[in-house]
Amino acid sequence: MTTRPPSDDPADEPVEPRPDATRVLDDLAADLDGVRLGFEAPGAAQTRSAVTAASRQLADHLVPRLQSVDAPLLVVVGGSTGAGKSTLLNALVGRPVTRAGAIRPTTRRPVLLHHPEDAPWFEGTRILPGLARVRGGAGAGAPSAGSEDEPSRELELRPLAEIPRGLALLDAPDIDSIAAGNRELARQLLRAADLWLFVTTANRYADAVPWEVLRTAVEADATVAVVMNRIPERPGIAEELETDLRAMLEDRGLEPARLFLVPESSLSAEGMLDHARVGEIDAWLHALAADQGARGAIARRTLAGALDSLDGTLQDVAAGVEEQGAIREELAAAVDDAFADVVERIEAAVGDGSLLRGEVLARWQEVVGTGEIVRSLESLVGRVRDRLGRALRGEGRPAVAAQDALETGLVHVVVDETARGAEHVEQAWRSHPAGRPLVEGADLSRMEPGYEQQVARAVRDWQGDVLELVRSEGADRRTKARILSLGVNAVGVALMVVVFASTAFIPTGLEVGTGAATAIVGQKLLETIFGEDAVRRLARVARESLAARLEGLVAERAEPFRERLDAVPEGTEPAALRADARGAAALAADIRTRAEQATGGRTVPETTTQEHPTQEHPSHEPTTGEEPA
């Protein structure tokens with residue numbers, strides 16, 4: 001292969017992009033790769049498809065074309081089922097090179113036809129890196145590697161001397177294939193194209209599917225040439241169809257680079273269409289291959305249009321990512337709200353005196369009904385003492401029993417309320433489309449083994465804190481003597497009772513019952529030992545210590561739900577995607593401006609010559625110094 005000779009034509013000079021052009025696309029690719037859509041939502045599947053399409057377009061077309069504008073122009077031949085794409089390609093080459101037939105889908109493995117000297121541009125992964133390369137033979141198309149359900153992930157390369165240097169023809173699957181995978185592959189290949197050669201027929205050009213695909217070409221400002229195939233050979237019919245098709249194209253904002261009309265014709269015994277029927281298309285392609293400036297103009301226009309079209313895609317993806325964030329917040333709020341209610345209910349049970357009943361009340365009455373404690377408060381609680389019965393000698397065992405009863409009652413409250421909160425969260429998640437998959441196959445409301453024992457240890461630890469608080473407060477000799485005379489456990493239990501009755505009995509305007517009277521006994525006992533201000537402070541410190549431990553226990557019960565949420569990765573931020581959209585738009589504008597300056601507005605050649613023009617083909621050998629867009 002020869003090197004390209006120097007040129008005085010400014011259109012042949014590379015149009016250097018801004019220095020940060022590659023970085024713009026690299027950042028965009030990284031941010032798309034970082035998008036995470038772990039929550040099922042109504043728009044999640046559509047957003048995933050948009051991410052996949054944009055990522056493939058970057059890898060298949062934008063990055064390679066930005067890096068090497070001199071690479072051969074990729075002309076993708078696409079169209080509806082039975083439009084005759086493969087037959088047209090075979091006619092252009094002059095022999096069978098791609099499979100044509102009545103069995104659908106016909107084209108499953110895409111076939112790329114190129115000049116042998118252009119092979120280095122396509123044998124690697126410069127474009128369409130997700131498709132493995134397969135070398136094709138000189139005969140008819142090899143059997144497809146794909147299936148109706150799974151499209152081929154191979155690209156068959158066919159080096160042919162009949163293909164002019166400077167462009168390559170890619171036979172794509174049907175855009176309306178009966179196989180969904182082939183339909184998506186067809187759209188992927190069209191997104192990778194520098195130029196679309198879109199084939200339709202006289203009786204199907206108004207179908208909805210071709211126009212839906214052409215609409216994407218309008219949105220991307222892609223360069224499109226349209227072929228209307230199989231036009232009946234009746235007087236005036238070709239002109240009538242051309243007028244109608246041009247009107248439809250104009251209504252939809254698409255101005256094709258060329259519109260070719262191919263009459264209906266019988267095929268030869270070998271299934272070949274007469275080359276004369278496609279002579280105008282063939283001449284146009286050869287003229288385009290010979291005009292490097294026109295090829296560059298098409299490549300840059302399609303490149304800039306594809307970059308511009310990413311704006312809408314990235315805005316949609318950003319909105320989808322924001323929806324994911326809103327779902328995460330909604331599911332997290334269900335956890336926060338349910339377990340905040342748990343904390344409130346436990347704190348209410350701790351402070352409203354409901355725990356000072358039953359076994360706890362009986363054990364506390366044993367404590368306050370013993371010896372010196374009641375006698376020292378005889379003037380205040382004489383009537384209460386009459387109800388409590390005969391005093392028991394020795395306060396140690398009753399105080400410990402009361403302490404154990406308080407522990408048991410509080411453990412039951414914590415276990416029951418946290419179980420109730422977990423059930424509420426699970427129900428809320430099951431009723432949410434995105435939350436349901438998080439709880440399916442898992443019983444997150446089930447209490448973990450050992451949790452009840454963990455609660456009991458936490459309560460005992462708090463009781464130990466209270467006893468230590470009593471000891472540290474009685475540091476002076478007189479107070480210490482009073483505590484020791486009554487017993488640390490008895491004084492500690494009295495402080496616990498005050499904490500558990502903090503909102504129910506002290507102060508109160510309600511009728512004082514047995515439980516209230518015994519709570520008041522505890523408070524008055526503490527005031528006698530420590531003083532009124534000290535009791536308030538001790539009760540506050542003990543209450544805050546208990547609240548902290550209880551909140552830790554509730555948080556532990558909520559942890560399985562939070563772990564499920566944390567396991568769903570968050571990924572790229574919406575702001576980064578919107579910044580990428582602005583960067584792509586600025587890069588597109590820069591490419592257009594520089595291309596117009598270089599080409600002077602020169603675009604696609606308009607030759608209609610039937611003969612191939614004589615041309616001096618420039619070299620297109622890839623080098624390490626590929627010219628950028």
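This is a predicted model: local features need pLDDT of at least 70, side-chain atom pairs count only at pLDDT 80 or more; totals for chains, interfaces and linings use all residues.
## The eight-stranded sheet

The model contains an open sheet of eight strands. Read across the sheet, the order is E3-E4-E2-E5-E1-E6-E7-E8, and the pairing is mixed. Strand E3 (132-135) and strand E8 (258-263) stand at the edges. Each of these two has a single partner strand, so one of its sides has no neighbour in the sheet. From one strand to the next, the twist averages 25 degrees.

A helix also lies against this part of the structure. Helix H7 (residues 237-251) lies across strand E7 (223-231) and E8. The direction of H7 is at about 145 degrees to E7.

## Strand E5 and its partners

Strand E5 (residues 167-171) pairs with strand E1 (residues 73-79) in the parallel sense, over five bridges. Within this pairing, leucine 74 has alanine 168 of E5 as its bridge partner, and valine 76 stands opposite leucine 170 in E5. E5 also pairs with strand E2 (residues 111-114), here in the antiparallel sense and over three bridges. The bridge partner of leucine 112 in E5 is leucine 170.

Is E5 enclosed or open to the outside? Five of its five residues are buried, so E5 is largely enclosed by the rest of the structure. In a regular strand, side chains alternate between the two faces of the sheet. For E5, Leu167, Leu169 and Asp171 are on one side, while Ala168 and Leu170 are on the other. These residues are all buried, and both faces of E5 are covered.

## Helices H8 and H9

Two packed helices are described by the angle between their axes and by the distance between the axes. Helix H8 (residues 279-290) packs with helix H9 (residues 292-351) at an angle of about 95 degrees, and their axes are 5 Å apart. Angles of 65 to 115 degrees count as roughly perpendicular, so H8 is roughly perpendicular to H9.

Which residues make the contact? On H8 they are Leu288, Ala289 and Ala290, and on H9 they are Gln292, Ala294, Arg295 and Ile298. By type, the residues of this contact divide into five nonpolar, one polar and one charged.

## Threonine 418

Threonine 418 is placed in helix H13 (residues 396-430). Its relative accessibility is 0%, so threonine 418 counts as buried. The side chain of threonine 418 reaches the backbone oxygen of valine 414 at 2.8 Å.

Leaving aside neighbours within four places in sequence, threonine 418 is in contact with Phe339, Val342, Tyr451, Val554 and Arg557.

## Alanine 458

Alanine 458 lies in helix H15 (residues 451-473). Its relative accessibility is 13%, and buried means under 20%, so alanine 458 counts as buried. Not counting residues up to four places away in sequence, alanine 458 touches Arg549 and Leu553.

How far apart in space are alanine 458 and leucine 546? From C-alpha to C-alpha they are 9.0 Å apart, while in sequence they are 88 residues apart.

Terms used
Residues are numbered from 1 along each chain as its sequence is written. Side-chain values use heavy atoms; hydrogens and water are left out. Axes are lines fitted to C-alpha atoms, for helices over the stretch in contact, and angles run from 0 to 180 degrees between N-to-C directions. Helices (H or I, at least four residues) and strands (E, at least two) are DSSP runs, numbered from the N terminus. Angles under 35 degrees count as roughly parallel, over 145 as roughly antiparallel, 65 to 115 as roughly perpendicular and the rest as oblique. Contact means heavy atoms within 4.5 Å. Ala, Val, Leu, Ile, Met, Phe, Trp, Tyr, Cys and Pro count as nonpolar, Asp, Glu, Lys and Arg as charged, and the others, Gly among them, as polar. Two strands pair if DSSP finds at least two bridges between them. Buried means under 20% relative accessible area, exposed over 50%, partly exposed in between (1.4 Å probe, protein chains only). A polar contact is a pair of N or O atoms within 3.5 Å; within protein, one must be able to donate a hydrogen and the other to accept it, and residues adjacent in sequence count only if both atoms are side-chain atoms.
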